Amino acid sequence: MASKEYEAILKVLLDAVQTANAANPAAAAPAATFPAGIPVGVSNHHIHLSQADLDTLFGKGYQLTPIKDLSQPGQFACKETVTIVGPKGAIEKIRVLGPVRSKTQIEILTSDSFKLGVKAPAKLSGDLAGTPGITIVGPKGSVQTAEGLIVAQRHIHMTLEDAAAYGVTDGEIVTLQVEGPRGGCFSNVAIRANNSSALECHLDNDEANAMSINSSTTVKILK
């Protein structure tokens, strides 16, 4: 084909593309860039104590001993552990997380419920109304709580800027997609957006084991 003929065909094609883009600007726009996958934090059973219960379990005026910072700003794992006791059995070495809270909250796995003999509902942290209590045993005493035993509802911590980037809002319920040979989807995942959080999806050991999730896994939000 002659050079002039080739140039003429190319010009016709370019003109056609430009005409189509002018008629439909959205089609010409680049695809929206979606944020990268969300890191996952996997947690075992643990406990948050009020100062009053900490005093009963470890002694008056006791202060927690931090040993490791956690992913969420200001939170840390402590040297201290306790035993929790239910109608059918007990679980030892339940790690205390700090700092102290206004109310004691015990977070267990669904599989722990069978050993303890008590059914804990799936709840977000701090939503303790209507939850069962349990006996907590420490080196200096024991506490029978009236409430506070939960299985943590799966959730994603993020800043308000993160929420805007992912197109979600605080309190919204979303579905997560997990890739991999045992991957799948988790529904009923709560968004917890505020400017004192760090981006991380929180799942417990039971959930992570079901889909072979570890600390290097990332997940995607499905709307």
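Trainee: What relative accessibility does Glu147 have, and what does it count as?

Mentor: Glu147 has 29% relative accessibility and counts as partly exposed. Buried means under 20% relative accessible area, exposed over 50%, and partly exposed in between, with a 1.4 Å probe and protein chains only.

Some ground rules. This is a predicted model, where local features need pLDDT of at least 70, side-chain atom pairs count only at pLDDT 80 or more, and totals for chains, interfaces and linings use all residues. Residues are numbered from 1 along each chain as its sequence is written, and side-chain values use heavy atoms, with hydrogens and water left out.

Now the partner. Glu147 and Lys103 meet through their side chains in a salt bridge, at 3.8 Å from N to O. Lys103 sits in the loop between S5 and strand S6 (105–107), while Glu147 sits in the loop between strand S9 (142–144) and S10, so the pair ties together parts 44 residues apart in sequence. A salt bridge here is a side-chain nitrogen of Lys or Arg within 4 Å of a carboxyl oxygen of Asp or Glu. Helices (H or I, at least four residues) and strands (E, at least two) are DSSP runs, numbered from the N terminus.

The whole structure holds 4 salt bridges. Another of them links Arg154 and Glu207, whose closest N and O atoms are 2.8 Å apart. Arg154 is in the loop between S10 and S11 and Glu207 is in helix H6 (residues 205–210), so this pair ties together parts 53 residues apart in sequence. Both Arg154 and Glu207 are buried. Asp55 and Lys60 also pair, at 4.0 Å from N to O. Asp55 is buried, at 16% relative accessible area, whereas Lys60 is exposed, at 78%.

Asp112 is another matter. Asp112 lies in helix H4 (residues 110–116). Asp112 is buried but has no salt bridge, and the nearest side chain of opposite charge, Lys115, is 7.4 Å away. For charge, Lys and Arg count as positive and Asp and Glu as negative, with His and the chain ends not counted. Leaving out residues up to four places away in sequence, Asp112 touches His45 and Ile91. Contact means heavy atoms within 4.5 Å.

His45 also touches Ile108. Beyond four places in sequence, the contacts of Ile108 include Ile84, Leu116, Leu149 and Val151. Ile108 belongs to the largest nonpolar core, which has 23 residues. Ile108 is among those with the most contacts inside this core, and so are Ile47, Val82, Ile84, Ile106, Ile134 and Ile136. Two or more residues come from each of strand S2 (46–50), helix H3 (51–58), strand S4 (76–85), strand S5 (90–101) and strand S10 (149–152). S4 gives the most, with 4 residues. A second, separate core has 21 residues, including Tyr166, Val174, Ile191 and Met211. A nonpolar core is a set of buried Ala, Val, Leu, Ile, Met, Phe, Trp, Tyr and Cys residues joined through side-chain atoms within 4.5 Å.

Pro99 is in S5, and the peptide bond from Gly98 to Pro99 is cis, with omega near 5°. Lys93 has a positive phi, near 55°, though it is not glycine. Lys93 is exposed, at 66% relative accessible area. Most residues other than glycine have a negative phi, and most peptide bonds are trans.

Next, the barrel. In it, 6 strands close in the order S1-S14-S11-S13-S12-S15, with mixed pairing. The twist averages 45° from one strand to the next. Angles run from 0 to 180 degrees between N-to-C directions, and axes are lines fitted to C-alpha atoms, for helices over the stretch in contact. Two strands pair if DSSP finds at least two bridges between them.

S11 (residues 155–158) is covered on both faces: His155 and His157 on one side, Ile156 and Met158 on the other, are all buried. S11 runs parallel to S13 (residues 184–193), joined by 4 bridges. There, His155 stands opposite Ala190. With S14 (residues 200–204), S11 pairs antiparallel over 3 bridges, and Ile156 stands opposite Cys201. S12 (residues 173–178) pairs antiparallel with S13 over 5 bridges. Leu176 has Phe186 in S13 as its bridge partner.

S13 also holds Asn188. Asn188 has a positive phi of about 55° and is not a glycine. Asn188 is partly exposed, at 49% relative accessible area.
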